[in-house]
Amino acid sequence: MAVSCNKIISRNFHLSLAQATVFRSISHDPYVNISLDDWFYQNFPLQTQSYPLLYIYRNHPCVVIGRHQNPWSECNSKLVGRYPDQIPLVRRRSGGGTVYHASIFDLGNLNVTVVSHRNQYNRRKNLDIIANALKETWHLDVTVNDRSSASRLGRLVAYHHFTLLFDSKLQQLGHMLSATTSGLTSNATASVKSSVINLSQLNNTITFDNLCSKISSNFAKVFHPQLNSKIIDIRPNLESNYPGITTLKNEMMSWDWIYGKTPAFEISHKSNLSFGQVAIRVCVKKGLITEIDLEADKILTDTVKDEIMDGLKHCRFGSEDILGIISCLGRRDNDMPESHLTEFIHWLIAILGKN
């Protein structure tokens, strides 16, 4: 059973928690839904709340990377990136690996967040609630793997979240999570690739609604038997209900957060083009090119090469800024054959150009 409750603001948050432990977003915007994880994290009533709360949502298609990951090594940067031109790329504020929320037609993903006092944080217990729901209701043989979820731990508050795919277009997952940037080295957290299956492939009676209901019931039973498993449907994008949610969402959508938080990395390439060998080494910190070495003696003069390297420094890696610098090559009055110049420009854009 679900009830509407769109007045969960800071001053009456305690009252809503006294009525139920489960909240479900009616939004499908991944930026606002995932930002609400952090809104709960920042506004969890430590003085009065003695048990965890459960937050459920599902998203439109998106790729979600962990806080310490490199998007260029985790996903297809030609398909995934800045909304609305590409499938949205979301960098969450917790660690862990990359997940794909699909599908554009069926919203076949269910995302679960457990928010609690730090001393109540228990990944295994949370995952067992899900596993037991699937075993008891649909007789699925489910085992728990701690690597398949992510967390954010504060001094007093923690949250733990994970994704279930129950009816998604899995053929899209492989395309989205196939990295297209080669020659990259980094100390960023790398995802551990795992096989994926829809729950509906194991039991076709599983739906979003009955999955929410069973998980909610098990959650209430484990953490607070005195409360019922009533689900409160919420609108997380309303600033009047969740003061500060717009700021959290805008930060999560910004280039500085999505790409600027990428751990430092380096890209090295050496290729044999029709006119000879070319090589490049690029260092990127906070999403910006900080160092670049270019070897193309047979096509570029030292002056032009130095201008390109100086122009590319401090550019956003993979941005339109780079296209402008590289395209200047084609407007120069030089003696190199046009076919060689075009080949070199295409090679350079393939490595550094706009995603």
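Trainee: What do the buried residues of α4 pack against?
Mentor: They pack against β8 (109–117), β10 (157–165), α6 (199–202) and α7. Buried here means under 20% relative accessible area, with exposed over 50% and partly exposed in between, using a 1.4 Å probe and protein chains only. Helices (H or I, at least four residues) and strands (E, at least two) are DSSP runs numbered from the N terminus.

Trainee: Before we go on, what kind of model is this?
Mentor: This is a predicted model, in which local features need pLDDT of at least 70 and side-chain atom pairs count only at pLDDT 80 or more, while totals for chains, interfaces and linings use all residues. Residues are numbered from 1 along each chain as its sequence is written, and side-chain values use heavy atoms, with hydrogens and water left out.

Trainee: Back to α4, then: which of its residues are buried?
Mentor: The buried residues of α4 are Asn126, Leu127, Ile129, Ile130, Ala131, Ala133, Leu134 and Trp138. The helix itself has 16 residues and spans 23 Å from its first C-alpha to its last, close to the 22 Å expected at 1.5 Å a residue; that expectation is 1.5 Å times one less than the number of residues.

Trainee: And α7, how many residues does it have?
Mentor: Helix α7 (residues 208–223) has 16 residues and reaches 22 Å from first C-alpha to last, close to the 22 Å expected. Its buried residues are Phe208, Leu211, Cys212, Lys214, Ile215, Ser216, Asn218, Phe219, Ala220 and Phe223.

Trainee: At roughly what angle do the axes of α4 and α7 cross?
Mentor: The axes of α4 (residues 123–138) and α7 come within 9 Å and cross at roughly 125°. Axes are lines fitted to C-alpha atoms, for helices over the stretch in contact, and angles run from 0 to 180 degrees between N-to-C directions. The two helices are therefore oblique to each other; angles under 35 degrees count as roughly parallel, over 145 as roughly antiparallel, 65 to 115 as roughly perpendicular and the rest as oblique.

Trainee: Which residues of α4 and α7 meet there?
Mentor: On the α4 side, Ile129, Ile130, Ala133, Leu134 and Trp138 are among them, and on the α7 side the list includes Leu211, Ile215, Phe219 and Phe223. Contact means heavy atoms within 4.5 Å. By class, this contact of α4 with α7 has 10 nonpolar, five polar and three charged residues, where Ala, Val, Leu, Ile, Met, Phe, Trp, Tyr, Cys and Pro count as nonpolar, Asp, Glu, Lys and Arg as charged, and the others, Gly among them, as polar.

Trainee: New topic: how are α11 and α12 placed, parallel or antiparallel?
Mentor: The axes of α11 (residues 320–327) and α12 (residues 338–352) come within 10 Å and cross at roughly 165°. That makes α11 roughly antiparallel to α12. Ile322, Leu323 and Ile326 in α11 meet Ile345, Leu348, Ile349 and Leu352 in α12. This contact of α11 with α12 divides into seven nonpolar, no polar and no charged residues.

Trainee: Where does His139 lie?
Mentor: His139 lies in the loop between α4 and β9 (150–153). His139 has a positive phi of about 55° although it is not a glycine. Most residues other than glycine have a negative phi. At 67% relative accessibility, His139 counts as exposed.

Trainee: And what is the phi of Lys286?
Mentor: Phi of Lys286 is near 55°, a positive value in a residue other than glycine. Lys286 is found in the loop between β14 (276–285) and β15 (288–295), and Lys286 is exposed, with a relative accessible area of 63%.

Trainee: What about Val99, which strand is it in?
Mentor: Val99 belongs to strand β7 (residues 99–101) and is partly exposed, at a relative accessible area of 29%. Leaving aside neighbours within four places in sequence, Val99 is in contact with Cys62, Val63, Val64, Arg92 and Thr163. The C-alpha atoms of Val99 and Thr163 are separated by 7.8 Å, although these residues are 64 residues apart along the chain.

Trainee: Last one: how many helices and strands does the protein have?
Mentor: Its secondary structure comes to 12 helices and 15 strands. Of its 355 residues, 52% count as buried, and residues 24 or more positions apart account for 77% of the contacts with a separation of 6 or more.
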